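Please open the model in a viewer and follow the selections below in order.

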Amino acid sequence: MHCPYCRHTDTRVVDSRVGEDGGTIRRRRTCTECGKRFSTVEQMQLVVVKRSGATEPFVRDKAIAGARKACKGRPVTEDDLACLGQAVEDALRGDGWAEVPAHEVGLAILGPLKALDEVAYLRFASVYRAFESADDFADEIAALRAERSLTEGSLAQLVEDETHSAPSG
Ligand SMILES: [Zn+2]
């Protein structure tokens, strides 16, 4: 690796440590020419295995292309999509995938996309899960509603607990 300051091609590792998540190695290097120090991070390469069996490097933008399409016309920003890509990559790396099947990438998108925009989620899920009829949509919407009322229910419970445990006087 060459020096980012003087472009000298010979640098020396002075310290290596494993990152907190265990998935990265951070190396402190020093340039043998100008003496400046810099750090590099070594990370496992994530590879996507396509249905054909062909493999290609995981690229965030490419991985979330389907989700991006599903977000068309929805109030979802480029920042939101960037966060989605990050969340998907983090989830896959967190699961310890080195070679991840393409359908697992889709699976990892469902959760964060649902949190981002429910309409986009339904669009994406309909393609990903190959919805065949209006009933499939109805089922998924019912599931979303059930989930939401569950969340709201537990929120209400939380507020109630807080109120009851608050010190009086
Ligand atoms: Zn240098």
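Begin by selecting Asp80, Leu84, Ala87, Val88 and Leu92 in helix H3, which meet Glu104, Val105, Ala108, Ile109, Pro112, Leu113 and Leu116 in H4; contact means heavy atoms within 4.5 Å. By class, this contact has ten nonpolar, no polar and two charged residues (Ala, Val, Leu, Ile, Met, Phe, Trp, Tyr, Cys and Pro count as nonpolar, Asp, Glu, Lys and Arg as charged, and the others, Gly among them, as polar).

This is a predicted model, in which local features need pLDDT of at least 70 and side-chain atom pairs count only at pLDDT 80 or more, while totals for chains, interfaces and linings use all residues. Residues are numbered from 1 along each chain as its sequence is written, and side-chain values use heavy atoms, with hydrogens and water left out.

Next, select H4 (residues 102-116) together with H5 (residues 118-128): their axes are 8 Å apart, at an angle of about 160° (axes are lines fitted to C-alpha atoms, for helices over the stretch in contact, and angles run from 0 to 180 degrees between N-to-C directions). Residues to display here include His103, Gly106 and Leu107 in H4, and Tyr121, Phe124 and Tyr128 in H5. The contact of H4 with H5 comprises ten nonpolar, two polar and two charged residues.

Finally, move to the zinc ion and select its protein donors, Cys3 (SG), Cys6 (SG), Cys31 (SG) and Cys34 (SG), at 2.3 to 2.4 Å (donors are N, O and S atoms within 2.8 Å of the metal, or 3.2 Å for Na, K and Ca; water is not among the atoms, so sites may look incomplete). The donor residues follow the spacing C-x2-C-x24-C-x2-C.

Notes: Helix = DSSP H or I, 4+ residues; strand = E, 2+ residues; numbered from the N terminus.
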